[in-house]
Amino acid sequence: MNRLRGVSFVRTILPILAVIAIIIAAIVVMSGQPDRSEEQPEISPPKATAAFGNQPSVAGSGVVEPSSEVINIGTSLAGIVTKVYVAPGDQVSAGDPLFLIDDRAIRSQISEASAAIAQSRAARETARAQLATARQQSSLYSNIEDPRAVSQQEVIDRSGAVRTAQAQLRQAEADIRSAEAARARATTDLGRLTVKAPIAAEILSVNVRPGEYANPGGPQGGGGDPYMEIGNTAPLHVRIDIDENEIGRVEMSKEAVVSPRGQANQRVKAQFVRAEPLVTPKTSLTNSATERVDVRVLQLIYQIPSDQGFFVGQQVDAFVRAKNGARNGAKKASETK
Amino acid sequence: MTWIAIRMLTGDRQKFFGLLFGVAFSALLISQQLTIFVNLIERGATAVYNIPTANIWVMDPVSRTPDVALPMPSTALDKVRSVNGVEWASPMLRSGATVRTPEGDLEGVTVVGVDDATLIGLPKKFVNGSREALYEPDAVIIDSVGAAKLFPEGFDPIGVRLELNDRRAVIRGIVDVDPSFTSQVILYTRYSNALAFVPGTRNRMSFVLANASEGLTAKQVATRITEATGLKARTRDEFARDGVDFIIENTGIPVNFGITVALGFIVGVAIVGLTFSLFIRDNIKQFGALKAIGVTNNKIRMMVAAQALLVGLVGYGIGILLAAIFISSGASSSPDFKGFYTPWEIPLLTAAVVIAMILITGWLALRSVLKTEPAEVFR
């Protein structure tokens, strides 16, 4: 009977369906496999191998700074700022004015002192005239040969008048010197009111504007930015932090390779300048007030060639040459155990 | 002769379909439960596999999984970079935080801070937005499962402001990643932002992601890193495995699923075995007749094997298809099953189990047939 129906559902179609079901299941399973392939990052990170080939290196992070380091400009006299002569980015020579503090009070002191000088000079003239008169009168008396013709009293008075006139003249001269000294002091102060560049440098930041009050101790409250930051940016230096555990591996006085953050493909060779003699706690750049630090770093200073587009304060990733065959601290510790 | 065996088998539709059901059901149960088990414990590895760029993870020696990690000082990054053979290294921060949605709901989140410059550590697939959006101020990128958890369905979370540990965070993109075992909301952000989002402790950096230079395997470089820095370095697969092992060691999942899989096997064996041996016992007269006309025991074994294979093939086909469709449709529709897949080993394993099951029951049923006297037919 079944044979007459030709194709049996149970015996023919069902096994075929089963095979198809298995194939479909296999396809579903294989297409659903998770993608766990590895791939290269889209933005290239700094690479040690690109810096020195396969040579050993020590990595560190650093900040670009002027070769003079950043100079925070202060003022020696307090007062309202009336004029700012420079803008950020300006190049100044040593002695160029940076900003001016209100000088009216000092200028009036100068004219006061000048007036005092003039007054004292007038007093000196008066004293001179009196001295001349006194001398003439005194010589009139001293030319009389008969002592009985004039009283002794008169003679004493005349010679006393001469001495008084001489003293008044000296007094007037002293007054002139005093007034001149006062004027000189006021003139010096006038000069000090103009804050000048100590070295030839570039203006990095200007945080003072006309009308603001400048204090010799820096901005009030201790916090806040310095009035002006300047530094010699030709050439620029970079200050690289090396973990204290890695100090032994660093090959001093060899060049380093630095890349700005985010531009790992720009690799700049930097010349060794010096190593700071003091190992300091690492400066974290998160600016968190509660931050505590237990890592200490050696700071190495390198000079970067000009025209590489670096800016002061920019963070860099750096690779420094390591001594060949130098072992790491952790390794040494395990060996000496 | 095989043809006769097949006709014998399919002659009684009821018994035949009973056998099919038994095999199909146990194949479904075994493969589906095994799949869910494997996928569930692999949730411990998603945090590693979601990052396609790094093949080495460096961490404090006491860190165990992506979520059980002790942070390291920031110079650990430079130490790892200094190891010869490390192509590159970048920092990563993983930490828990609480987030408040505009509606005021509180939700625990995992904040992942990735390297500021290169964004290494960011997943590959974006549902919405782009990598570059992370450069915007206070930007975070949320995972798709987390977005579904935080916001009502059909809501576009791009541009929504969240309060993350008292700080402003703006959602700028959605990534498609597999959720972690705890399926917490994941917020990706830049490392410097993450430092601000996560309450400060002394050390902040959870991991250093690294890659091996050309010509060196990840394992070799990981060994070098451990030797040189004293930090724990694991390759991608090792660390994924660590996450899985952590779940196996710390949860009752393996025992529970082991019991279910064993039950599936026992139920399958019971149904198939009973039906099959009943079927053979019913047909004992026919086997006797066959013996009487001179069919050898080997021929009879072949016949029973053919019957067993047909039942096994059809039953397995039905069961495995149902299991595969269940998992793949579940993965595409429900966030609970997101990222679930059927490992290719499981259908093969199920097939082996089904074959073993069917052969064991066939062999047991056959014993009585082989002992049958040809005279049986006349009784």
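This is a predicted model: local features need pLDDT of at least 70, side-chain atom pairs count only at pLDDT 80 or more; totals for chains, interfaces and linings use all residues.
Two strands pair if DSSP finds at least two bridges between them.

**First stop: a sheet in chain A.** Select strand E2 (71–73) and strand E9 (228–231) of chain A; the two run antiparallel and are joined by three bridges. Within this pair, A:Asn72 stands opposite A:Glu229 of E9(A). In general, the strands of a sheet pair through backbone hydrogen bonds.

**Second stop: where the chains touch.** Display both chains; 53 residues of chain A and 47 residues of chain B make the contact. On the chain B side, colour helix H1 (2–11), helix H4 (76–81), strand E2 (86–100), helix H7 (218–229) and helix H11 (297–333), each of which supplies at least two residues. H11(B) gives the largest share, eleven residues. Coloured by class, this side of chain B shows 24 nonpolar, 16 polar and seven charged residues.

Centre the view on B:Ala365, where H12(B) bends by about 30 degrees. B:Ala365 is also buried, and other buried residues of H12(B) include B:Ile346, B:Met357 and B:Val369. Which helix of chain A do the buried residues of H12(B) pack against? Select helix H1 (9–31) of chain A to see this partner; in chain B, the partners are helices H2, H9, H10 and H11.

Methods. Residues are numbered from 1 along each chain as its sequence is written. Chains are lettered from A and ligands numbered from 1 in the order in which they are written. Two residues are in contact if their C-beta atoms, placed from the backbone, lie within 7 Å. Helices (H or I, at least four residues) and strands (E, at least two) are DSSP runs, numbered from the N terminus. Ala, Val, Leu, Ile, Met, Phe, Trp, Tyr, Cys and Pro count as nonpolar, Asp, Glu, Lys and Arg as charged, and the others, Gly among them, as polar. The bend at a residue is the angle between axes fitted to the seven residues ending there and the seven starting there. A residue is buried if 20 or more other C-beta atoms lie within 10 Å of its own, exposed if 12 or fewer, and partly exposed in between; C-beta atoms are placed from the backbone.
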